[in-house]
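Reader: I'm new to reading protein models. Could you walk me through one, feature by feature?

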Amino acid sequence: MSRLLALQELGIDTDELENLFDMPEDAVEVVHQIEEDDQEQASKAEQVVGKEKFKFLRSWPVAREAGELLYMLVRYLKPETILELGTSFGSSGIYMASAAAENSTGELITVEVSKLKHSQAKQNFRDAKVDEYFRQEIMAADQYLKKLSQPVDFVFLDCDRSRYAFYLDQLLPYLKRGALLVADNAIDRSDDMEAYHKKVLSMNNIRTVLLEIGDGLLISRMLK
Ligand SMILES: C[S@@+](CC[C@H](N)C(=O)[O-])C[C@H]1O[C@@H](n2cnc3c(N)ncnc32)[C@H](O)[C@@H]1O
C-alpha cells in the first residue's frame with residue numbers, strides 16, 4: 001500500500017509490515033460488529049432533531065483500515081506495553097490486543113472515562129478472546145497518566161484531542177527509545193490537534209509522519 005511508504009521514514013519496513021495482517025476470526029467479527037452497530041446508531045440519530053440525537057450512543061470506532069494498520073504495527077514492533085487513551089467500545093483496543101495475542105507478548109492498557117463504554121468494551125474484549133492481553137482502566141486520561149510508573153513502547157491517542165500536547169508532556173518520561181505514538185483524527189479534526197501536531201514537529205528527538213488513512217493518523221517515533 002503506497003500510503004504506508006512514509007512509515008519508512010520512521011525505520012519501519014513496509015514490505016514486512018504489509019504481510020502481517022492475520023487477525024483471528026473471532027476478533028475480526030467483533031470489530032466489524034462494533035462498526036455496524038455504530039452505523040446503525042448514526043442513521044437513527046440522523047432521523048431525529050435536537051437533544052433526541054443524544055439518545056443514540058455512538059462508539060465512534062477507529063476506521064477499519066486504521067485499525068488494521070494498528071494491528072500490523074503491533075505485530076511488527078512487538079511492544080511490551082501498549083497504552084490507549086480512549087477505549088470506547090473497544091474496537092481499536094481489540095485490533096491491538098489481538099496483535100499482542102498473536103505475538104504471544106505484550107499488554108494493552110486501555111483508559112476510558114465513561115463507565116457505560118468501559119463495561120461494553122469489557123464484553124467486547126471477552127467476545128474477541130483477547131483475555132490475557134489487555135487491562136482496562138476506568139478514569140480520565142490525565143489521572144491515569146499521573147499514576148503511570150512503567151515504560152511504554154506504543155501509544156494510541158483517541159480521546160479529547162485538544163489535550164494531546166499536555167498528555168505528551170506527561171508521557172515523555174516513560175516513552176522508550178523507538179516508542180511509537182499514533183494519534184487518530186489528524187485530518188478530519190486537525191484544528192483540535194494543532195498544538196500536539198506543532199509540538200511533535202518541533203521536538204528533535206521525535207520524527208513524525210502523517211498518513212491519509214481513515215480519519216488521518218499522525219504517527220511519531222521516539223528517536224532517543
Ligand atoms: C473516538 S472514541 C474512541 C474510539 C476507540 N478508540 C475505538 O476505536 O473504538 C473517544 C473515547 O474517548 C473517551 N474519552 C474522552 N475524553 C477522555 C478522557 N479525558 N479520558 C479518558 N477517556 C476519554 C470517550 O468517552 C470516548 O469513549
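Reader: Leaving aside neighbours within four places in sequence, which residues is L70 in contact with?

Author: Before that, some housekeeping. This is a predicted model, so local features need pLDDT of at least 70 and side-chain atom pairs count only at pLDDT 80 or more, while totals for chains, interfaces and linings use all residues. Residues are numbered from 1 along each chain as its sequence is written. Now, two residues are in contact if their C-beta atoms, placed from the backbone, lie within 7 Å. By that rule, L70 is in contact with S92, Y95, M96, F156 and V182.

Reader: Which residues touch the most other members of the largest nonpolar core?

Author: The general idea first: in soluble globular proteins, nonpolar side chains tend to be buried together. A nonpolar core is a set of buried Ala, Val, Leu, Ile, Met, Phe, Trp, Tyr and Cys residues joined through C-beta atoms within 7 Å. A residue is buried if 20 or more other C-beta atoms lie within 10 Å of its own, exposed if 12 or fewer, and partly exposed in between. Here the largest core has 64 residues, and L70, V74, M96 and A97 touch the most other members. Helix α3 (residues 64-77) gives the most to this core, with nine residues. As for the labels, helices (H or I, at least four residues) and strands (E, at least two) are DSSP runs, numbered from the N terminus.

Reader: In what order do the strands of the sheet come?

Author: Strands of a sheet pair through backbone hydrogen bonds, either parallel or antiparallel. Two strands pair if DSSP finds at least two bridges between them. In this model seven strands form an open sheet, in the order β3-β2-β1-β4-β5-β7-β6, with mixed pairing. At the edges stand β3 (134-138) and β6 (206-211), each with a single partner strand, so one side of each has no neighbour in the sheet.

Reader: How many bridges join β6 to β7?

Author: Six, and these two strands run antiparallel. They form a hairpin with five residues between them, and G214 in the turn has a positive phi of about 60°. On the other pairing, four bridges join β5 (residues 175-183) to β7 (residues 217-222), again antiparallel. There, V182 stands opposite I219, and A183 has L218 as its bridge partner.

Reader: Is β7 mostly covered or mostly uncovered?

Author: Mostly covered: six of its six residues are buried. L217, I219 and R221 point one way, and L218, S220 and M222 the other way.

Reader: Why does R221 count as buried?

Author: Because R221 has 22 C-beta neighbours inside 10 Å. Not counting residues up to four places away in sequence, R221 touches L10, G11, G178, L180, I206 and R207. R207 stands opposite R221, and their C-alpha atoms are 5.3 Å apart although the two are 14 residues apart in sequence.

Reader: And E132, is that buried or exposed?

Author: Exposed, because E132 has 11 C-beta neighbours inside 10 Å. You'll find E132 in the loop between α5 and β3.

Reader: At what angle do α2 and α5 pack?

Author: Two packed helices are described by the angle between their axes and the distance between the axes. Axes are lines fitted to C-alpha atoms, for helices over the stretch in contact, and angles run from 0 to 180 degrees between N-to-C directions. Helix α2 (residues 25-46) and helix α5 (residues 115-128) pack at about 145°, with their axes 8 Å apart. The contact is made by D26, A27, V30 and I34 of α2 and N124, D127 and A128 of α5.
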